[in-house]
Amino acid sequence: MKKPYLKLRRLIEDEGLEIQELAERTSIPRSTLYERVNMPENAGKWSWKEIVAICTVLHIPPEKIGEYFFPAIAKEEKTA
């Protein structure tokens, strides 16, 4: 799992945001946000507070949370 949050990173780009701006809008420290999104060893370490803040800023509906924050689980559910 080299890039676990590729879909999330693409959405951030599509919204015209950089990690720094998303960090400011969500009140998540930039270093924490960068590590969560870019480092595979941090996959799955999201807090619900972080997820809710990001979903609010990026307009991710509740039914799509799995696709953006738990891609391995969402993929398994689709193939089952």
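Guide: Helices here are DSSP runs of H or I with at least four residues, and strands are E runs of at least two, both numbered from the N terminus. The model is predicted: local features need pLDDT of at least 70, side-chain atom pairs count only at pLDDT 80 or more, and totals for chains, interfaces and linings use all residues. Residues are numbered from 1 along each chain as its sequence is written, and side-chain values use heavy atoms, with hydrogens and water left out.

Visitor: Let's do charges, then. How many salt bridges does the structure hold?

Guide: Side chains of opposite charge can pair when their charged atoms come close. The cut-off for a salt bridge is a side-chain nitrogen of Lys or Arg within 4 Å of a carboxyl oxygen of Asp or Glu. This structure holds 4 of them.

Visitor: Which residue forms a salt bridge with Glu67 at 2.5 Å?

Guide: That's Lys7, with 2.5 Å between the closest N and O atoms. Glu67 sits in helix α5 (residues 65–69) and Lys7 in helix α1 (residues 6–14), so the pair ties together parts 60 residues apart in sequence. The side chains of Glu67 and Lys7 are also joined by a polar contact of 2.5 Å.

Visitor: Where do Arg25 and Glu21 lie?

Guide: Both are in helix α2 (residues 19–26), 4 residues apart, which is about one turn of the helix. Arg25 forms a salt bridge with Glu21, and the closest N and O atoms are 2.9 Å apart. Glu21 has a relative accessible area of 30%, making it partly exposed.

Visitor: And what do the side chains of Glu50 and Arg36 meet in?

Guide: A salt bridge again, at 3.1 Å from N to O. This pair links distant parts of the chain: Glu50 belongs to helix α4 (residues 48–58) and Arg36 to helix α3 (residues 30–38), 14 residues apart. Glu50 is buried, with a relative accessible area of 11%, and Arg36 counts as buried at 16%.

Visitor: Which residues do salt bridges that share partners join into one network?

Guide: Lys7, Lys64 and Glu67.

Technical notes. Buried < 20%, exposed > 50% of the residue type's maximum accessible area, 1.4 Å probe, protein only. Polar contact = N/O pair within 3.5 Å; in protein donor to acceptor, adjacent residues only side chain to side chain.
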